[in-house]
Amino acid sequence: MNRNASGRESLLKKIQETDFALYETTLYLDTHPNDEKALALHKEYANASMELKQKYQSLFGPLTPAANTENTWEWVHGPWPWEM
Amino acid sequence: MFIYEKKLQFPVNIRNTNTKLANFIISQYGGPDGEMGASMRYLSQRFSMKDDNAKALLTDIGNEELAHLEIVGAVVHQLTKNATTAEIENSPFATYFIDHGKGVWPTSAAGQPFNAMSFAVKGDPITDLTEDLAAEQKARTTYDNILRVSSDPDVNRVMTYLRQREINHFQRFGELLNRIQCSK
């Protein structure tokens with residue numbers, strides 16, 4: 001696992017973009033719970049986010065402690081988000 | 001409960017040290033209209049909400065404000081981490097530095113420590129949501145003030161993003177308030 005490999009930053013940016021859209025649909029649905037178009041978009045972004053995070057974690061380490069399924073404790077390794 | 005995800009909601013890559021600017025921006029960490037007060041306000045107001053949509057929106061926006069707190073902390077950290085003694089001693093950051101070094105501590109730009117009196121929880125949904133609308137505008141104005149005195153593009157893209165989020169939250173809180181008032 002290479003935490004500083006090229007491609008980490010661009011994949012992380014894709015996750016940030018997708019999760020931003022996902023957060024927007026979340027807040028919108030909290031006040032428009034019956035909007036079918038927003039629900040469909042939410043599902044699309046949620047699936048995209050999950051796929052991107054699986055790919056990121058297999059290459060660059062876990063995003064949450066629960067995702068640390070390797071035989072070594074990768075969770076502690078930097079760079080931490082404020083150091084990137 | 002909360003689970004930490006090891007990423008910022010918006011990327012922070014500040015290249016230039018600027019202790020003076022850090023001393024302004026710290027206000028959005030622990031100042032009267034900062035992200036610490038915002039997150040505590042919404043996450044605390046949830047308990048006395050009656051409407052399920054209100055519980056959800058306060059949870060989700062309160063959670064996002066914690067992500068913004070982390071972003072502001074990252075900006076302050078990156079603006080100060082490489083500062084030399086000479087850069088610190090003649091800047092407004094000097095007095096902060098004496099007490100906190102290069103650590104990130106919740107205070108206003110004017111040096112007042114974080115105070116829970118900067119937000120309200122009244123246990124009345126209409127009262128609390130009306131406070132939330134004002135709070136989002138006050139936070140937006142503070143980001144406007146920071147943008148007036150900052151000319152660093154690395155900082156400004158982050159401040160502009162956070163400013164825009166206040167506007168989105170204001171919109172959602174307005175919709176929620178209408179929803180609750182119309183259902184009576």
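Student: What does B:V75 touch, not counting residues up to four places away in sequence?
Tutor: B:V75 touches B:V12, B:I14, B:I25, B:V158 and B:M159. Contact means heavy atoms within 4.5 Å. The model is predicted: local features need pLDDT of at least 70, side-chain atom pairs count only at pLDDT 80 or more, and totals for chains, interfaces and linings use all residues. Residues are numbered from 1 along each chain as its sequence is written, chains are lettered from A and ligands numbered from 1 in the order in which they are written, and side-chain values use heavy atoms, without hydrogens and water.

Student: Why is a set of residues called a nonpolar core?
Tutor: Because its members are buried Ala, Val, Leu, Ile, Met, Phe, Trp, Tyr and Cys residues joined through side-chain atoms within 4.5 Å. Buried means under 20% relative accessible area (1.4 Å probe, protein chains only), exposed over 50%, partly exposed in between. The largest such core has 29 residues, and B:V75 and B:L79 are among those with the most contacts inside it.

Student: Which separate core includes B:Y42?
Tutor: A second one, of 16 residues, which also includes B:M49, B:L133 and B:A135.

Student: What makes B:R165 and A:E24 a salt bridge?
Tutor: The term needs a side-chain nitrogen of Lys or Arg within 4 Å of a carboxyl oxygen of Asp or Glu. The N to O distance for B:R165 and A:E24 is 2.9 Å, so the pair qualifies. The count between chain A and chain B is three salt bridges.

Student: How many residues of each chain are in contact?
Tutor: 28 residues of chain A and 30 residues of chain B.
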